[in-house]
Amino acid sequence: MTKNLSCFDTTFGCPTQDSRLPSFIMSRTHVTEFAKPKKPATLLFLPIVLSTLMAIGVILIQDIARADYFGGRYADNDQHRYASIESKDSHHNKLNPFVTDSMHSDYELDTDNDINTINDGRQSAVPGTHVDVYWYAADESHFSRPSVLGDATCKKTMSNNKCDQFRIRFNEDKLISNTAGQIGHTVCHEIGHTLGSDDGLTDDEGCWPQSKYSLGTDLIDHEINHLKDRY
Ligand SMILES: [Zn+2]
């Protein structure tokens with residue numbers, strides 16, 4: 001395994017170290033300090049100070065939760081239709097179970113009318129824009145570097161930073177015969193781009209590595225909550 005395994009995208013750039021400090025931790029520290037007043041008069045103001053600081057802390061936590069994660073183009077709606085246009089049977093048959101599994105186990109979030117994933121099957125050409133994501137495998141010469149395992153690109157842009165149709169390509173020379181873990185991770189990661197997730201803004205967990213080179217194959221709850229919030 002090499003470091004650049006975690007850089008999957010040419011379109012959206014490589015993961016970067018996110019050096020932002022969790023500022024709500026500093027607020028919590030201040031609360032602890034204010035909890036030990038030396039003068040009795042301060043006690044009168046303590047509840048107000050504490051509640052104010054706690055409110056600020058909550059706001060900061062919410063800001064952080066809402067500010068990160070997204071940076072790419074959002075899908076045009078919460079009905080996420082996908083199709084394979086891979087022409088080679090062996091490549092389609094290898095990758096299709098991973099794509100279908102990730103769409104349904106990671107991104108099918110419609111229990112609260114959130115994202116609904118719909119399989120439009122295998123098609124022989126680029127489908128109309130009622131299909132939101134079409135995918136296929138391409139040889140390594142199509143990628144910016146041979147080591148890139150996959151990429152996701154908006155092919156039909158819309159206003160309001162939305163995308164009508166994404167293309168996902170998988171590196172057939174480097175991914176098809178790779179481990180199930182690496183395929184599952186890459187598939188989960190690239191699908192996330194088709195919903196607006198962005199490499200430098202996510203949480204370094206699940207299928208979204210930044211500095212730790214996480215190779216998780218599934219979304220974690222934090223990431224799912226961001227998607228439910230957005231869609
Ligand atoms: Zn990426």
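1. Start with β2. This strand is mostly covered, with 5 of its 6 residues buried. The model is predicted, and the points below should be read with that in mind.

2. β2 has a partner in β3, residues 116-122. The two strands run parallel and are joined by 5 bridges.

3. What is the hand of the β-α-β unit made by β2, α3 and β3? It is right-handed.

4. Now the core. The largest nonpolar core holds 35 residues. Within this core, Val99 and Val133 touch the most other members. Two or more residues each come from β2 (79-84), α3 (89-105), β4 (133-138), β5 (150-157), β6 (162-171) and α4 (180-193).

5. On the overall layout, the protein has 5 helices and 6 strands. From the N terminus, the order is α-α-β-β-α-β-β-β-β-α-α. Of the 231 residues, 33% are buried. Take contacts between residues at least 6 apart in sequence: 70% of them join residues at least 24 apart.

6. On confidence, the average pLDDT is 76. A score of at least 70 is reached by 68% of the residues. Two stretches need caution. Residues 1-40 stay under 50 in pLDDT, yet the model gives them 65 contacts beyond four places in sequence. Over residues 56-67 the pLDDT is also below 50, and that stretch has 10 contacts in the model beyond near neighbours in sequence.

7. How should the contacts of these stretches be treated? Where pLDDT is low, the predicted coordinates should not be read in detail. The 65 contacts listed for residues 1-40 belong to a stretch with pLDDT under 50. The 10 contacts for residues 56-67 come with pLDDT below 50.

How values were computed. Residues are numbered from 1 along each chain as its sequence is written. This is a predicted model: local features need pLDDT of at least 70, side-chain atom pairs count only at pLDDT 80 or more; totals for chains, interfaces and linings use all residues. A nonpolar core is a set of buried Ala, Val, Leu, Ile, Met, Phe, Trp, Tyr and Cys residues joined through C-beta atoms within 7 Å. A residue is buried if 20 or more other C-beta atoms lie within 10 Å of its own, exposed if 12 or fewer, and partly exposed in between; C-beta atoms are placed from the backbone. Helices (H or I, at least four residues) and strands (E, at least two) are DSSP runs, numbered from the N terminus. Two residues are in contact if their C-beta atoms, placed from the backbone, lie within 7 Å. Two strands pair if DSSP finds at least two bridges between them. A crossover is right-handed if, with the strands pointing away from the viewer, the path from the first strand over the helix to the second runs clockwise. pLDDT is the predictor's confidence in each residue, from 0 to 100.
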